[in-house]
Amino acid sequence: MATKKNLESKVTTSVKDLVDFIKMQAKNNIVEQTRDLGVEKNDLQKICRIVDMSITASFLQGIDNVVKQVTKD
């Protein structure tokens, strides 16, 4: 049986992997959807960075609560 710390680590890693996937999908969707809009490459990179940073910040703000809920007795 996994220790609490081991379980916390597994949950954090799994959620991080999901968040990384979400960030990649968001970036791909932004690039695909803006092709016909004439968005400059520089602006597109800025938009993608903003989305990436926003998702990362949300992950950092919410991961502790997820771990607490999964590991609570």
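Glu-8 and Lys-5 both belong to helix 1, which spans residues 4-34. Three residues, about one turn of the helix, separate the two. Their side chains meet in a salt bridge, with an N to O distance of 3.6 Å. Lys-5 is exposed, at a relative accessible area of 64%. The model described here is predicted.

A search of the whole structure returned four salt bridges. Side chains of opposite charge can pair when their charged atoms come close. Besides the pairing of Glu-8 with Lys-5, a salt bridge joins Asp-20 to Lys-23. The closest N and O atoms of Asp-20 and Lys-23 lie 3.9 Å apart. That value falls within the 4 Å limit for a salt bridge. Asp-20 and Lys-23 also sit in helix 1, again three residues apart, or about one turn of the helix. Asp-20 is partly exposed, with a relative accessible area of 29%.

Lys-23 has a further partner in Asp-52. The side chains of Asp-52 and Lys-23 meet in a salt bridge of 3.8 Å, N to O. This pair links distant parts of the chain. Lys-23 is in helix 1, whereas Asp-52 is in helix 2 (residues 41-71). The two are 29 residues apart. Asp-52 is partly exposed, its relative accessible area being 32%. A network of salt bridges links Lys-16, Asp-20, Lys-23 and Asp-52.

Lys-23 itself was examined in more detail. This residue of helix 1 has a relative accessible area of 18%. Lys-23 therefore counts as buried, because the cut-off for buried is under 20%. Asp-20, at 29%, lies above that cut-off and is therefore partly exposed. With neighbours within four places in sequence set aside, Lys-23 contacts Asp-52, Ile-55 and Thr-56. One of these contacts, Asp-52, is also a salt-bridge partner of Lys-23. Another, Ile-55, belongs to the largest nonpolar core.

In soluble globular proteins, nonpolar side chains tend to be buried together. The largest nonpolar core in this model holds seven residues. They are Val-11, Val-19, Ala-26, Ile-55, Phe-59, Ile-63 and Val-67. Helix 1 and helix 2 each contribute at least two residues to this core. Helix 2 provides the largest share, with four residues.

The arrangement of the two helices was then considered. Two packed helices are described by the angle between their axes and the distance between the axes. Helix 1 and helix 2 pack at an angle of about 155°. Their axes are 9 Å apart. Helix 1 and helix 2 are therefore roughly antiparallel to each other, because angles over 145 degrees count as such. Their crossing is right-handed.

Val-70 lies in helix 2 and is partly exposed, at 44% relative accessibility. The C-alpha atoms of Val-70 and Leu-7 are 8.5 Å apart in space, although 63 residues separate the two in sequence.

Ala-57 and Val-70 are 13 residues apart in sequence and 21 Å apart in space. Ala-57 is found in helix 2. At 33% relative accessibility, Ala-57 counts as partly exposed. Thr-13 and Ile-30 are 17 residues apart along the chain, and 26 Å separates their C-alpha atoms. Thr-13 is located in helix 1. Thr-13 is partly exposed too, with a relative accessible area of 42%.

Conventions:
Residues are numbered from 1 along each chain as its sequence is written. This is a predicted model: local features need pLDDT of at least 70, side-chain atom pairs count only at pLDDT 80 or more; totals for chains, interfaces and linings use all residues. Side-chain values use heavy atoms; hydrogens and water are left out. Buried means under 20% relative accessible area, exposed over 50%, partly exposed in between (1.4 Å probe, protein chains only). A nonpolar core is a set of buried Ala, Val, Leu, Ile, Met, Phe, Trp, Tyr and Cys residues joined through side-chain atoms within 4.5 Å. Contact means heavy atoms within 4.5 Å. Axes are lines fitted to C-alpha atoms, for helices over the stretch in contact, and angles run from 0 to 180 degrees between N-to-C directions. Angles under 35 degrees count as roughly parallel, over 145 as roughly antiparallel, 65 to 115 as roughly perpendicular and the rest as oblique. A crossing is left-handed if the near helix is turned anticlockwise from the far one by less than a right angle, and right-handed if clockwise.
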